[in-house]
Amino acid sequence: MGSRPVSDDDVYLNEAVQIAAKILVVGHFAVGKTTFIGTMSEIPPLRTEERMTQAGAHVDDLMGTRGKTTTTVAMDFGRLTLSDRLVLYLFGTPGQERFVQVWEDMTRGALGALILVDPERLKESFPVIDLVEHYGLPYAISVNHFDGTPARPDDELREALDLLPETPIVTCDARDEKSSANALITLVRYLQERTR
């Protein structure tokens, strides 16, 4: 079978191809992952939230969670088109330790992770950071500022979380589209820099 000359249509089709990137949105219990994906998704997000019951009261620590009544039991999913060429598929993982088995499947094919942290509960972020590092995913830290939480300097956060100097830190409010988009863009830029 002979080869045919490349046409203008072929060139147009190649330029129109979109790159799909799987990104994990992770963090400890009640840090705002479901809210973040709901804020950013251009499609109605898939949510697997269920009402919390008394059976889970001894397992899920609600201290400092202000009105938390539901929890993710499988995953959250959303999609965001960043440009004509780049589409992000956002997968949110449950934050409780009992859902760690879900992580192995979720990390397959993921390019990186955005780790949401609560500046008032930094200690709870260590198991999540450990998991992300265990699976070899590059990541950025997004400090989700809740109402009334004081701002902390990046160098203080970097030291408290024991981060490498090149690990990006960005502040967001998971309810705010602009600051959440900035967090994702920070992660994408970091991933691009690592591939150069």
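Biologist: Let's start with G38: which helix is G38 found in?

Modeller: G38 is found in helix α2. Helices here are DSSP runs of H or I with at least four residues, strands are runs of E with at least two, and both are numbered from the N terminus. Bear in mind that this is a predicted model, where local features need pLDDT of at least 70, side-chain atom pairs count only at pLDDT 80 or more, and totals for chains, interfaces and linings use all residues. Residues are numbered from 1 along each chain as its sequence is written, and side-chain values use heavy atoms, with hydrogens and water left out.

Biologist: Why is G38 called partly exposed?

Modeller: Its relative accessibility is 25%. Buried means under 20% relative accessible area and exposed means over 50%, with partly exposed in between (1.4 Å probe, protein chains only). So 25% puts G38 in the partly exposed class.

Biologist: How far apart are G38 and A174?

Modeller: They sit 136 residues apart in sequence, and 8.8 Å apart in space, C-alpha to C-alpha.

Biologist: And what makes α2 roughly perpendicular to α6?

Modeller: Helix α2 (residues 33-40) and helix α6 (residues 177-195) pack at about 100°, their axes 9 Å apart. That angle makes α2 roughly perpendicular to α6, because 65 to 115 degrees counts as roughly perpendicular, under 35 as roughly parallel, over 145 as roughly antiparallel and the rest as oblique. Axes are lines fitted to C-alpha atoms, for helices over the stretch in contact, and angles run from 0 to 180 degrees between N-to-C directions.

Biologist: Which residues of α2 and α6 meet?

Modeller: F36, T39 and M40 in α2 meet E177, S180, A181, A183 and L184 in α6, where contact means heavy atoms within 4.5 Å. By class, there are 5 nonpolar, 2 polar and 1 charged residues. Ala, Val, Leu, Ile, Met, Phe, Trp, Tyr, Cys and Pro count as nonpolar, Asp, Glu, Lys and Arg as charged, and the others, Gly among them, as polar.

Biologist: Now the strands: how do you know that β4 and β5 pair?

Modeller: Two strands pair if DSSP finds at least two bridges between them. Strands β4 (residues 76-81) and β5 (residues 86-92) have 6, so they qualify, in the antiparallel sense. A hairpin of 4 residues joins them.

Biologist: What partners does Y89 in β5 have?

Modeller: Y89 is the bridge partner of R79, and also of K22. Strand β1 (residues 19-27) pairs with β5 in the parallel sense over 7 bridges.

Biologist: What makes β4 and β8 edge strands?

Modeller: The open sheet runs β4-β5-β1-β6-β7-β8, with mixed pairing. Each of β4 and β8 (169-172) pairs on one side only.
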